[in-house]
Amino acid sequence: FFYLNYLISRPYENKTYLAVGSMKTIMLNVSVFNAGDDAYETTLNIQLPIGLYFIKILDLEEKQINCEVTESSGLVKLACSLGYIYVDRLSRTDISFLLDVSSLSRADEDLSITVHASCENEGEVDRMEDNKVTLAIPLRYEVALAVHGFVTPTSFVYGSSEENEPETCMTEKLNFTFHVINTGISMAPNVSVEIMVPNSFLPQTDKLFNVLEIQATTGKCHFKHYGRECTSGQEKGVAETLTDIVKFLSKTDKRLLYCMKVDLHCLDFLCNFGKMESGKEASVHIQLEGRPSILEMDETSSLRFEIRATAFPEPHPKVIDLTKDENVAHVLLEGLHHQRPKRRLTIVIITSSLLLGLIVLLLISCVMWKAGFFKRQYKSILQEENRRDSWSYVNSKGDDD
């Protein structure tokens, strides 16, 4: 009878699988129990799969065992003789084989180790199935992805141009760079990163940014293409002008724009890097330009954009994602309105202010007239003049005397 198990070099992890790239060696423990008569010229045959190699038998000097190793087409076979002449009945022999697994880099198929024991005086044929055991070792990829990014510049100024100048896009371009690193011990079979940028004001659908360039160091990137536009394409009438005045005079402090998990109002870039070896890095560079005429539609004086990048491996039964809830990076970009109104708005505001001032002055004057303010003032002036005339008459008469 057999008892087989394998022991990794970190027993405290208590894993049910072998992570590719996690270790250099494993230990195969084989227990052979002779439940019958004495077994003469007992042989233990072990067949190792491709990627596993025999190193040595632990505590060999204490074992009555001698092994011959052969290799053919990547398969390693061990033929080991147990005991000097025979193996005692009801005896148990424990053997530990140290195996090299450092060359394992793929988890396409699980490992399978076959052990078969035989002897010259083998008995009942129906019990020979107890002499052969196959041990399956599940292989898995342990993937840990880290992503970080930055934007230059970190802030920009937007707002309408002069009245006579045509609408243009921002001359200062926005450059985003994101780095994805495989910090895990295993090769990641298929890695992607999703980058989401807020790109419109709800419920409007006008695009805030134009995509000028997107490059990845490896693989390909995909996003929904649309034409480059700088003008808003909207004619300003009286109603729109009044709306602009109200928005300009009532701008609030700040507005935060961010993306939901699936958001049609965001730019969604999906870049696939393919397989990434442990410790390798891939990058994505995105260049955008702003549309001031669209950005100005908002009622706030400051816009804060939260750009999110999420790295993830391809969902697969053999992939263990160790950083599933941590592989997200947030990049903040701030837009500041220059707070300079258009010439048309300036004229309208100044004219409206003058008219409003005149109307207020007329109203105040009318109220004061109705209240008799000007009449009382006129009477007091007449009385003062009369007093002066009487004093002048008295003084002149005294001089004559």
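1. The model is predicted.

2. A search of the whole structure finds four disulfides. With the bonded cysteines numbered in sequence order, they pair as 1-2, 3-5, 4-8, 6-7.

3. Cys221 and Cys271 are joined at an S to S distance of 2.0 Å, and with 110 degrees about the S-S bond this link is right-handed. Cys221 belongs to strand β17 (residues 220-222) and Cys271 to strand β19 (residues 266-276), so the bond ties together parts 50 residues apart in sequence. Cys271 is buried, at 0%.

4. The disulfide of Cys67 and Cys80 has an S to S distance of 1.9 Å and is right-handed, with 110 degrees about the S-S bond. Since Cys67 sits in strand β6 (residues 65-72) and Cys80 in strand β7 (residues 75-87), the tied parts are 13 residues apart in sequence. Cys67 is partly exposed at 24% relative accessibility, whereas Cys80 is buried at 0%.

5. Strand β14 (residues 174-182) has eight of its nine residues buried, so the rest of the structure largely encloses it. Strand β14 pairs antiparallel with β12 (residues 145-152) over eight bridges, with Phe150 opposite Thr177. Eight bridges also join β14 to β20 (residues 281-290), again antiparallel; here Phe178 faces Val284.

6. On the surface, Leu355, Leu358, Ile359, Leu361 and Leu363 form a nonpolar patch with about 500 Å² of accessible area together. Ile359, in helix α3 (residues 343-370), is partly exposed at 47% relative accessibility.

Conventions. Residues numbered from 1 in each chain as written. Predicted model: local features only at pLDDT ≥ 70, side-chain atom pairs only at ≥ 80, totals over all residues. Heavy atoms only, no water. Patch = residues over 30% accessible without salt bridge, like charges linked within 9 Å, V, L, I, M, F, W, Y side chains within 5 Å. Areas by Shrake-Rupley, 256 points an atom, 1.4 Å probe, with all protein chains shown as cover. Salt bridge = Lys/Arg side-chain N within 4 Å of Asp/Glu carboxyl O. Helix = DSSP H or I, 4+ residues; strand = E, 2+ residues; numbered from the N terminus. Buried < 20%, exposed > 50% of the residue type's maximum accessible area, 1.4 Å probe, protein only. Pairing = 2+ DSSP bridges. Disulfide = S-S within 2.5 Å.
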